[in-house]
Amino acid sequence: METSATPSAAAERERYEQSLRRLDTFARRLDSQFRIPGTNIRFGLDPILGLVPGLGDLIGLVLSLYVVIEAIRLGAGAGLVTRMLGNLLLEFVIGLVPVLGDAFDLMWKANDRNARLLRNHITRKLEPGKRRRSWLSYLLVGGFCLLALWLLVLLGQQWVPPGTL
């Protein structure tokens, strides 16, 4: 007997598929929405935002955290969340380097990577097996945000000339 508290496997699969379609669209807009004519190079809003020194990379990072938060909501474990945060941290830190960071951001595509990681996780999750939601995933996101804020404060101290505050 099926109750509203225990959705059917088909309803659960549809919920996951809807979430994945939404996240794929979001990741594509950030990383690969447009193509440079005459090439196979694709880019999105994230590399464009990264052209604004410091602030653009921070905005891109905040937008990118949406995929990680959705991954946690969909039951991603601490290992997957750590890997996704590592992708974002690498893109963020290298993205802060002028010119090199912009080129890296164009090629790395952390959001597309993270959406693909999540899709693989959900595909495995829908196979029979165990399910669990970890509080550690939320702790990792919080720690990551604190680390990113700390990096920005350190960089901000470098950008403000002494005696101007």
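Predicted model: local features only at pLDDT ≥ 70, side-chain atom pairs only at ≥ 80, totals over all residues.
Ile 48 is partly exposed, with a relative accessible area of 40%, and this residue is found in helix α2, which covers residues 45-49. The points below move from the surface to the core, and then to the charged side chains.

**Surface and overall layout**

- Together with Phe 34, Leu 45 and Leu 51, Ile 48 forms a nonpolar patch on the surface, and the accessible area of these residues taken together is about 360 Å².
- For the chain as a whole, the accessible surface comes to about 10000 Å², and 66% of that surface belongs to carbon and sulfur atoms.
- Read from the N terminus on, the elements of the chain follow the order α-β-β-α-α-α-α-α-α.

**The nonpolar core**

- The largest nonpolar core has 27 residues, and those with the most contacts inside it are Val 68, Val 81, Met 84, Leu 85, Leu 88, Leu 118 and Ile 122.
- Two or more residues of this core come from each of the helices α1 (9-31), α3 (55-73), α4 (78-95), α6 (110-125) and α7 (135-159).
- If residues up to four places away in sequence are not counted, Leu 85 touches Leu 65, Val 68, Leu 140, Val 141 and Phe 144.

**Salt bridges around Glu 70**

- A search of the whole structure finds five salt bridges, and one of them joins Arg 22 to Glu 70, with the closest N and O atoms 3.0 Å apart.
- Because Arg 22 lies in helix α1 and Glu 70 in helix α3, this pair ties together parts that are 48 residues apart in sequence.
- Arg 73 and Glu 70 both lie in helix α3, three residues apart, which is about one turn of the helix, and Arg 73 counts as partly exposed at 32% relative accessibility.

**Salt bridges around Asp 24**

- Arg 119 forms a salt bridge with Asp 24, and the closest N and O atoms of this pair are 2.6 Å apart.
- This pair links distant parts of the chain, with Arg 119 in helix α6 and Asp 24 in helix α1, 95 residues apart.
- Both partners are partly exposed, as Arg 119 has a relative accessible area of 26% and Asp 24 has a relative accessibility of 23%.
- Glu 17 belongs with Asp 24 and Arg 119 to a network of residues linked by salt bridges.

**A buried charge without a salt bridge**

- Side chains of opposite charge can pair when their charged atoms come close.
- Asp 112, which lies in helix α6, is buried yet has no salt bridge, and the nearest side chain of opposite charge, Lys 109, is 5.6 Å away.
- Leaving aside neighbours within four places in sequence, Asp 112 is in contact with Ala 27, Arg 28, Asp 31 and Ser 32.

How values were computed
Residues numbered from 1 in each chain as written. Heavy atoms only, no water. Patch = residues over 30% accessible without salt bridge, like charges linked within 9 Å, V, L, I, M, F, W, Y side chains within 5 Å. Areas by Shrake-Rupley, 256 points an atom, 1.4 Å probe, with all protein chains shown as cover. Salt bridge = Lys/Arg side-chain N within 4 Å of Asp/Glu carboxyl O. Helix = DSSP H or I, 4+ residues; strand = E, 2+ residues; numbered from the N terminus. Buried < 20%, exposed > 50% of the residue type's maximum accessible area, 1.4 Å probe, protein only. Core = buried A, V, L, I, M, F, W, Y, C linked by side-chain atoms within 4.5 Å. Contact = heavy atoms within 4.5 Å. Lys, Arg positive; Asp, Glu negative; His and termini not counted.
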